[in-house]
Amino acid sequence: MEQTDLRAPTLAAAVRPVTPQQRAAKAARNGGKPTLEFAERVPYDTYVRASTLHRLQQPLSDDPGEMSFLMVSQIMELYFGLTCHELREAQRCLRADRVWDALAPLRRAALHLEGLNAAWKGLRWMTPADFNRFRNLLGEGSGFQSAMYRHLEFLLGLRDAALVRPFRRQTEVYAELRAALAAPSLWDDVLALLARCGFDLPAEVLDRHVAEEHQPHPAVAAAWVTVYADGGGPDNHLRLLGEALTEVAEQFGDWRWNHLKAVQRSMGAKAGSGGSAGLAWLQRSMARVVFPELWSARTAM
């Protein structure tokens, strides 16, 4: 496999900025045709690392369907990381009371989750017979063991310290997950923002240990009822925030539902590869709601 140096200085040196004037001059010299000769590596590949990406698939069997399973899993991992990136940017904005600026990364996050949901369609062909042709070769490998998915759950406020234990032998990954668990979630930052905006939230909500999962509280739901009662004008940034967060929560909920249906389609109620109860485990996990008071508040609106 090609060994690629991913360090930023190498990338910056290889991808040379081009001004609009230079771009127009090149197009004129080429007669409108694309450039076909480069002194070094193709700039697109230098930036996107496409040749590296397409060498990362190493199926364990000769079954042609395994490539779909493997590549869709990798695509989902990329979407997990991208969504986490957007949610962290939203956190930075909220901590600085820049509610308007937080809307863009939240909306992007919802769109990335929509793309993540679409990825499941690439596995709709897979029956239990199809999966069984290579499933045993996966050993105890399971999507349950995705570290980046745990980062996403932690950012969304779904907290369970036991779920970092599988990564204890991967010291860097384990340290990053422990740090994520000890840091406020996006919902924690939203609650702190509401308090700074004058909403009366109790200490049990604001001062709890952030490694513990937030429990729904009527005072938080009441705050959102008040936010939404103020109308839908462009100046009500908190209401816009609530809607952006709702879209993220809804798309994430759709992903969990699509995951459950994909498991049901490809393996029924068999035990999971990673030792879980499979379908039953996923059904129980869906009971944990993301941004719960955004949903409960709607009953009182």
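User: Helices here are DSSP runs of H or I with at least four residues, and strands are E runs of at least two, both numbered from the N terminus. Where is the place of Y47?
Analyst: Y47 is in helix 3. Note that this is a predicted model, where local features need pLDDT of at least 70, side-chain atom pairs count only at pLDDT 80 or more, and totals for chains, interfaces and linings use all residues. Residues are numbered from 1 along each chain as its sequence is written, and side-chain values use heavy atoms, leaving out hydrogens and water.

User: Is Y47 buried or exposed?
Analyst: Exposed, with a relative accessible area of 58% (over 50% is exposed, under 20% buried, in between partly exposed; 1.4 Å probe, protein chains only).

User: New topic: how many aromatic pairs are there?
Analyst: There are 11, counting Phe, Tyr and Trp (six-membered) rings with centres within 6.5 Å; planes under 30 degrees apart are stacked, over 60 edge-to-face, the rest tilted. One of them is F69 with F131, a tilted pair at 5.3 Å centre to centre and 40° between the planes.

User: What does that pair tie together?
Analyst: F69 lies in helix 5 (residues 66–95) and F131 in helix 7 (residues 128–132), so the pair joins parts 62 residues apart in sequence. F131 also pairs edge-to-face with F134, at 5.5 Å and 70°. Both F131 and F134 are buried, F131 with a relative accessible area of 5%.

User: Which residues do ring pairs link into a cluster?
Analyst: F80, W120, Y149, F252 and W255.

User: And which ring does the charged end of R150 sit over?
Analyst: That of F144, 4.8 Å from its centre (CZ of Arg or NZ of Lys must be within 6 Å of the ring centre and within 35 degrees of the ring normal). The charged end of R298 sits over the W295 ring, 5.6 Å from its centre.
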